[in-house]
Amino acid sequence: MADETTTNTREQRNSVFGAPGGPVTMPGSPPAVSAADQLRIDFGMELPAATIPLPSSGLAYPKGHPLHGADTVEIKGMTAREEDILTNRALLKRGTVITELIRSCLVDQRIDPSTLLNGDRNALVVAIRITGYGQEYEAEIECSECGAKTSQTFDLAELPLRRLTMAPVAEGQNLFEFVLPFSKKRVKFRFLTGQDEEEITATQEKQRKLSLAAGAAGEATVTTNLLHSIVAIDNVTDRQKLAGFVRSVMPARDSLALRTFIRESEPGIVMRQEVTCGQCGRAEEVSMPMGIKFLWPHAG
């Protein structure tokens with residue numbers, strides 16, 4: 001998104017409003033106009049639209065998936081309809097609000113947002129936010145030097161992409177390999193998707209309620225995430241055996257090494273930027289806070 005080509009594309013009308021699958025016209029008849037197109041004509045307005053690069057380059061999507069081998073995907077700009085989605089209590093409670101936001105803005109409605117890798121979803125969410133509210137995002141940052149909290153402005157269009165650089169074990173599969181450094185076990189893992197994140201959120205909420213009911217503390221965040229990522233260990237694919245290995249056998253150093261490798265290899269958008277403290281002048285690279293105001297800047 002940060003390159004000049006993408007920026008120029010974002011500012012220009014693309015094929016969003018003339019995508020395949022639109023109204024069919026008969027020879028000799030005037031061109032058919034959709035209700036949305038007619039409203040744009042009536043009010044003399046064009047919505048921002050963009051062609052967004054996919055961090056995964058479509059390499060982890062199977063044949064038949066609309067994004068198999070695709071470098072880019074097209075989105076429509078945000079409208080008040082998408083703001084309604086962001087404030088929908090039912091979607092917020094189910095944890096599916098991001099999926100529905102992406103679905104609403106995708107030009108190709110064959111794409112199921114829940115099947116997308118999280119890194120691709122993040123790139124789309126940032127792009128959607130830019131079309132809705134612009135590329136500047138203000139957030140409060142605490143300085144690691146003096147502890148002062150100051151308002152910093154992030155340029156979302158300058159956030160770099162981290163491309164997928166390693167090949168999957170087979171073409172079009174979200175499946176990769178890593179050898180654990182201590183136990184030397186060969187792990188096959190997958191990058192999490194939107195559906196995985198929704199399932200993890202539901203699992204963690206269930207664990208939280210059970211812990212409260214039993215008077216226990218803590219959530220099994222590490223093992224839950226790993227179990228959604230790991231597909232096989234030394235060709236063992238039984239889910240119960242894998243769960244037992246992860247929870248009771250895997251050395252902590254192997255767990256850390258695997259999680260680090262997945263995090264650093266996962267395609268996505270790098271949510272970090274250098275800022276300067278307004279109090280002491282220290283410059284440092286910080287992670288960009290992702291609160292409710294990211295997608296809804298005027299939230300109370």
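Ile98, Thr99, Leu101, Ile102 and Cys105 in helix α5 meet Arg121, Leu124, Val125 and Ile128 in helix α6. Contact here means heavy atoms within 4.5 Å. This is a predicted model: local features need pLDDT of at least 70, side-chain atom pairs count only at pLDDT 80 or more, and totals for chains, interfaces and linings use all residues. Residues are numbered from 1 along each chain as its sequence is written, and side-chain values use heavy atoms, with hydrogens and water left out.

By class, the contact of α5 with α6 has seven nonpolar residues, one polar and one charged. Nonpolar covers Ala, Val, Leu, Ile, Met, Phe, Trp, Tyr, Cys and Pro; charged covers Asp, Glu, Lys and Arg; the others, Gly among them, are polar. Helices (H or I, at least four residues) and strands (E, at least two) are DSSP runs, numbered from the N terminus.

Two packed helices are described by the angle between their axes and the distance between the axes. Axes are lines fitted to C-alpha atoms, for helices over the stretch in contact, and angles run from 0 to 180 degrees between N-to-C directions. The table gives both pairs.

| Helix pair | Angle | Axis distance |
|---|---|---|
| α5 (residues 97–105) and α6 (residues 118–133) | roughly 65 degrees | within 10 Å |
| α8 (residues 221–229) and α9 (residues 239–249) | about 140 degrees | 10 Å |

The angle makes α5 roughly perpendicular to α6. In contrast, α8 and α9 are oblique to each other. The cut-offs are these: under 35 degrees is roughly parallel, over 145 roughly antiparallel, 65 to 115 roughly perpendicular, and the rest oblique.

Handedness comes next. The crossing of α5 and α6 is left-handed. The crossing of α8 and α9 is right-handed. Left-handed means that the near helix is turned anticlockwise from the far one by less than a right angle; right-handed means clockwise.

Which residues join α8 to α9? Thr223, Leu226 and Leu227 come from α8, while Arg239, Leu242, Ala243, Val246 and Arg247 come from α9. This contact divides into five nonpolar, one polar and two charged residues.

**The sheet**

Three strands form an open sheet in the order β6-β7-β8, with antiparallel pairing. Two strands pair if DSSP finds at least two bridges between them. The edge strands, β6 (176–179) and β8 (230–233), each pair on one side only. Neighbouring strands are turned by 25 degrees against each other on average, direction ignored.

Four bridges join β6 to β7 (residues 186–189). Here Val179 stands opposite Arg186 in β7. The hairpin of β6 and β7 has six residues between the strands, and Lys184 takes a positive phi near 65 degrees in this hairpin.

Three bridges join β7 to β8. Phe189 stands opposite Ile230 in β8. Strand β7 shows Val187 and Phe189 on a covered face, and Arg186 and Lys188 on an uncovered one. Helix α8 lies across β7 and β8, running at about 75 degrees to β8.

**A loop residue**

Thr193 sits in the loop between β7 and α7 (194–214). Is Thr193 buried or exposed? Thr193 is buried, with a relative accessible area of 6%. Buried means under 20%, exposed over 50%, and partly exposed in between (1.4 Å probe, protein chains only). Leaving aside neighbours within four places in sequence, Thr193 is in contact with Ser114, Thr115, Leu116, Leu117, Asn118 and Asn174.
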